[in-house]
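Trainee: Please take me closely through one part of this model, the cavity and its lining. Then connect it to the ring pairs and the backbone details elsewhere.

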Amino acid sequence: MKKLMVLLLVISIATSAYKVTDTIHFIVPKGWPQPEYDFTQNPLTTNKISLGTALFYDPIISRDSTIACATCHSNKTAFAQTDQSFSRGIDNKLGTRNAPALMNLAWNTSFMWDGAVKHLDMQALAPMSNPDEMDESIKHVVSKLQQSKRYPMLFFKAFGDSIITGEHTLKAMSQFMLTLVSYNAKYDSVLRREALFTQQENNGYRLFRANCASCHREPLFTNNQFENNGLPVDTSLHDNGRMRITQDSANYLQFKVPTLRNIQVSYPYMHDGRFVRLQQVLNHYTNGIVRSKTLSKQLQQRIVLSNCEKEEIIAFLATLTDKNYLNNLQFAYPKNILH
Amino acid sequence: MRNLIFLFLLISSFYVSAQKDTTIQLTFVAVYNIPQKSTQPIHLQDFAFYSNDKDSIEIRTLKFYISGIELYNKGASVWKEANSYHLIDASDEKTLSIPLSFPTPLDYTILSFNLGIDSATNTIGVQGGDLDPMRGMYWTWQSGYINFKLEGSSPLCNTRHHAFEFHIGGYHHPYNSLQRISLNVSKDFNTVAYIEIGKLLSVINLTKTNQIMTPGKEAVWIAEQVKSCFYSQADIK
């Protein structure tokens, strides 16, 4: 009897240990706030992350299997698309907003330029079903995955169930996106006292904190709020921003404050990609702001910067480029799964 | 002796856990009009079609969420269904009946539920089962469940294929369209909840209002009208 008890004990420890190595603890960088995402609803595991990586890069998500998430969100450029203001989706259709860079999504309180999506798990549904992007339904995606050769096994490995559901598909995609954490730029090294800013970068940092940090708040470089930053309305688009979602005129021309991490490599800028160079962005803030009822409180006072000071701010913004993030093979095309 | 006591406790624990619960069926029946006596439920296998001298209506889709089922006695809640989320689809007979099991005996006179999904569930992240987005009741371009979906056609609509589409949702103040519905019921009897679609369509001017696909004032108003279309047998008599 004793021998049986010992054997049972060993087996239970062994199996629980196996479970533990599959789970992944989400690391919060030192000094950062706690993430918004509730990991208890979707605990990270290596198998779910692998599955999510495959789904992110697999064009099977689109109606005619030509467009993947990665088509517009390229890992080398912080998951932004740099050669165009608006991305081309299915059938070469043109979108109406710039594909934003993706990073640190666990800290987001909303998603999309107008905050249309409230939870990361549901975000993928938007581009998936947009007729100009992927033009596909989650129901049909699930059926395509179920009929594929590789996915039932991948879902079984991840969720213990080879019957694929919308819930599991979206949870796996969330898991990949949650791993996209950028916290190792030169700026971060400086704050950890592992490196020093140059004189120019240091000046830029001081100017940044005085003029930009109220919306682009450290360490995420966004306050997650919606602001009207005084961009003149593009009359070919008439995009009124968050007001489209809330129907509240107080939200007219308000868009989500994007992160400035990796900003150097993730042009073009603004919700419609109208600026290609950071110089243009700074010129807008000093000379281009259009006043209206909903103009951000943070921009009521004029911003005055000399050309030299603008160069210094740009030098500082370059220190937010995280080469570890851009070159991380764990975020790249998963050759081992999607061969 | 110790072994006997253990055995007694073991057997008695089985007895306690096998005590009978009462199970009743809550069945939803969509009808066009509730006449005084019999009712013709809407069958969506073939397009449901109704006509009167004013209009001829085709109903193609009728789907809605029922959640938070509770039993009340003298104004107090006496039982709550756990994990209470159900997608009722008039084209799928399997979804029309919900078994409710509660401990015996239980006194209750009111059965209450939400028409739709509450705010907390709308923002907690993706869920499975009836709440899975692949059930087609979750807005993809803007977060939120569709609480009530009614689609069909009427010659009164000057739209493509004379179609009307009501996707009623919204969980965020001031456009929260969730409705709480209470029905008078008889204790321990199966309950039928009628939804009188004809009553809903009679208060909508289909020429003016035939497409509601976003949260807003109109969606809230429609949700309030739908609430008043729910009846139990006790309510009809």
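Mentor: Start with how residues are sorted here. Ala, Val, Leu, Ile, Met, Phe, Trp, Tyr, Cys and Pro count as nonpolar, while Asp, Glu, Lys and Arg count as charged. The others, Gly among them, count as polar. With that sorting, the lining of the largest cavity divides into 6 nonpolar, 4 polar and 4 charged residues. Keep in mind that this is a predicted model.

The structure holds 1 cavity of 30 Å³ or more. The volume of the largest cavity is about 100 Å³. Its lining is made of 14 residues. Nearest the centre lie A:D239, A:L253, A:F255, A:H271 and A:R274.

Now the backbone of chain A. A:H238 is not a glycine, yet its phi is positive, about 50°. A:H238 sits in the loop between β1 (226–227) and α11 (243–246) of chain A. Is A:H238 buried or exposed? A:H238 has a relative accessible area of 56%, so it counts as exposed. Another backbone feature is the cis peptide bond joining A:Y267 and A:P268, with omega about -5°. A:P268 belongs to the loop between β2 (255–256) and α12 (278–288) of chain A. Both kinds of feature deserve a second look, because most residues other than glycine have a negative phi, and most peptide bonds are trans.

Chain B has its own examples. B:H162 is a residue other than glycine with a positive phi, near 55°. The loop between β8 (146–153) and β9 (163–169) of chain B holds B:H162. B:H162 has 41% relative accessibility, so it counts as partly exposed. A cis peptide bond runs from B:T104 to B:P105, and omega is near -10°. Look for B:P105 in the loop between β6 (97–103) and β7 (110–115) of chain B.

Next, the rings. A pair of aromatic rings is described by the distance of the centres and the angle of the planes. Over all chains, the structure holds 35 aromatic pairs. One of them joins A:Y187 and A:F221: the ring centres are 4.9 Å apart and the planes stand at 80°, so the pair is edge-to-face. This pair links distant parts of the chain, 34 residues apart. A:Y187 is in helix α9 (residues 186–191) of chain A. A:F221 is in the loop between α10 (199–211) and β1 of chain A. A:Y187 counts as buried because its relative accessibility is 1%. A:F221, at 0%, counts as buried too.

B:F28 belongs to strand β1 (residues 21–31) of chain B, and B:F64 to strand β3 (residues 56–73) of chain B, so the pair ties together parts that are 36 residues apart in sequence. B:F28 and B:F64 are both buried.

Two ring features of chain A remain. Ring pairs link A:F56, A:Y57, A:F79, A:F176, A:Y325, A:F331 and A:Y333 into a cluster. Finally, the ring of A:F226 has the charged end of A:R242 over it, 4.3 Å from the ring centre.

Note on methods
Residues are numbered from 1 along each chain as its sequence is written. Chains are lettered from A and ligands numbered from 1 in the order in which they are written. This is a predicted model: local features need pLDDT of at least 70, side-chain atom pairs count only at pLDDT 80 or more; totals for chains, interfaces and linings use all residues. Side-chain values use heavy atoms; hydrogens and water are left out. Helices (H or I, at least four residues) and strands (E, at least two) are DSSP runs, numbered from the N terminus. Buried means under 20% relative accessible area, exposed over 50%, partly exposed in between (1.4 Å probe, protein chains only). On a 1 Å grid over the protein atoms alone, a cavity is a set of points where a 1.4 Å probe fits but cannot get out, and a pocket is an open set with protein on both sides within 12 Å along at least five of seven lines; lining residues have an atom within 4 Å of a point. Grid points are joined across faces, edges and corners, and a volume is the space filled by probe spheres set on the points. Rings of Phe, Tyr and Trp (its six-membered ring) pair if their centres lie within 6.5 Å; planes under 30 degrees apart count as stacked, over 60 as edge-to-face and the rest as tilted. A charge sits over a ring if NZ of Lys or CZ of Arg is within 6 Å of the ring centre and within 35 degrees of the ring normal.
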